[in-house]
Amino acid sequence: MLTGAAALALVVTTASGFAEPVDDQLVIDGEIEMVTRVKTPEGHPLDEATSGWLYRTKETRALEADTFENPGMLYVERGEEIWNTVEGAAGKSCAECHGDAAESMKGVGAHYPKWNAAANKPFNLELQINACREANMQAEPYKFDAADQKALVTFIKHQSLGMPVEVNLDEGDMQAWWEKGKDKYYTRTGQLNLSCATCHENYNGKYIRADHLSQGNTNGFPTYRLKQANMVSLHNRFRGCIRDTRAAKPKAFSDELMALEVYVAWRGTGLSVETPAVRQ
């Protein structure tokens with residue numbers, strides 16, 4: 001029986017063929033020009049970082065280009081409602097401290113994960129929101145992948161639409177976490193003996209069964225996935241990929257997945273924030 005990379009190679013080469021990402025330009029609503037191809041930073045294994053949008057079907061690409069048609073915009077709308085809703089014993093809403101999200105949150109999502117000195121680790125938007133809820137609103141933190149958590153993260157990230165991803169590795173101990181994330185990215189796991197790099201680097205641009213393998217960049221997360229008809233968080237996707245290697249799934253926001261998020265976000269440096277992206 002073939003396992004690991006040999007099995008994956010068989011699936012890839014016996015699928016519907018090979019394909020390169022399209023050379024189209026993503027422009028949201030005919031106004032916001034998105035960077036979907038960019039020269040990678042020093043130390044990157046690839047010469048060019050590409051958005052997952054380039055690997056999708058014409059119909060899927062069209063959904064993301066039109067905010068009226070984009071099903072992920074329903075989560076943006078719900079997130080705005082949550083932003084203005086008072087919760088917790090302190091009687092506060094997000095808006096009471098941060099005001100108009102279009103101004104206060106512009107660019108914020110493009111720079112996460114960020115170093116959190118109090119926790120002595122990187123925080124993503126989900127962890128930062130929970131910290132704010134507990135400390136400032138005296139509200140319960142969201143459970144992982146709660147509907148309102150995904151909606152609020154989507155809303156906040158959407159305020160950075162079109163802005164370039166840029167993670168600051170000079171903050172705190174971010175560089176060490178980047179190293180841990182890189183190690184995780186290239187480590188083979190599970191019964192299939194696969195790593196993140198196996199699909200998203202070695203087989204990037206090819207088909208596996210009916211799916212076109214992208215570089216796996218995270219600039220569009222949270223992402224609306226048509227196959228699930230739902231908004232999907234980054235750590236949900238990380239855990240799903242690890243499950244598909246037939247390995248034990250790490251807990252969401254565990255140190256190993258936070259390190260992986262730091263590294264993978266860096267791999268997409270310079271790509272535009274697309275949240276909510278639409279994928280198949």
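The side chain of Asn219 gets to within reach of the backbone oxygen of Ser272, at 2.9 Å, a polar contact in the sense of a pair of N or O atoms within 3.5 Å, where within protein one atom must be able to donate a hydrogen and the other to accept it, and residues adjacent in sequence count only if both atoms are side-chain atoms. This comes from a predicted model, where local features need pLDDT of at least 70, side-chain atom pairs count only at pLDDT 80 or more, and totals for chains, interfaces and linings use all residues. Residues are numbered from 1 along each chain as its sequence is written, and side-chain values use heavy atoms, with hydrogens and water left out.

Asn219 sits in the loop between strand 8 (211–212) and strand 9 (223–225); helices (H or I, at least four residues) and strands (E, at least two) are DSSP runs numbered from the N terminus. With a relative accessible area of 3%, Asn219 is buried, the cut-offs being under 20% for buried, over 50% for exposed and partly exposed in between (1.4 Å probe, protein chains only). Leaving out residues up to four places away in sequence, Asn219 touches Ser51, Lys157, Val165, Leu271, Ser272, Val273, Glu274 and Thr275, a contact being heavy atoms within 4.5 Å. Gly270 is 51 residues from Asn219 in sequence, yet their C-alpha atoms are 9.3 Å apart.

Two cis peptide bonds come next. Phe221 and Pro222 are joined by one with omega of about -5°, and Pro222 is in the loop between strand 8 and strand 9. Another runs from Thr275 to Pro276, with omega near 0°; Pro276 belongs to the loop between helix 11 (255–267) and strand 11. Most residues other than glycine have a negative phi, and most peptide bonds are trans.

On the phi side, Asp29 is not a glycine but has a positive value of about 55°. Asp29 is part of the loop between strand 1 and strand 2 (32–33), and counts as partly exposed at 36% relative accessibility. Phe253, also not a glycine, has a positive phi of about 65° and falls in the loop between helix 10 (234–244) and helix 11. Phe253 is buried, at a relative accessible area of 13%.

Helix 2 (residues 58–65) has Thr60, Arg61 and Glu64 buried. These three share one side of helix 2, because they span an arc of only 100° around the axis, taken from the directions from the helix axis to the C-beta atoms. An α-helix has 3.6 residues a turn, so residues three or four places apart point the same way. Lys58 and Glu59, on the other side of helix 2, are exposed. The cover over the buried residues of helix 2 includes strand 1 (27–28) and strand 11 (277–279).
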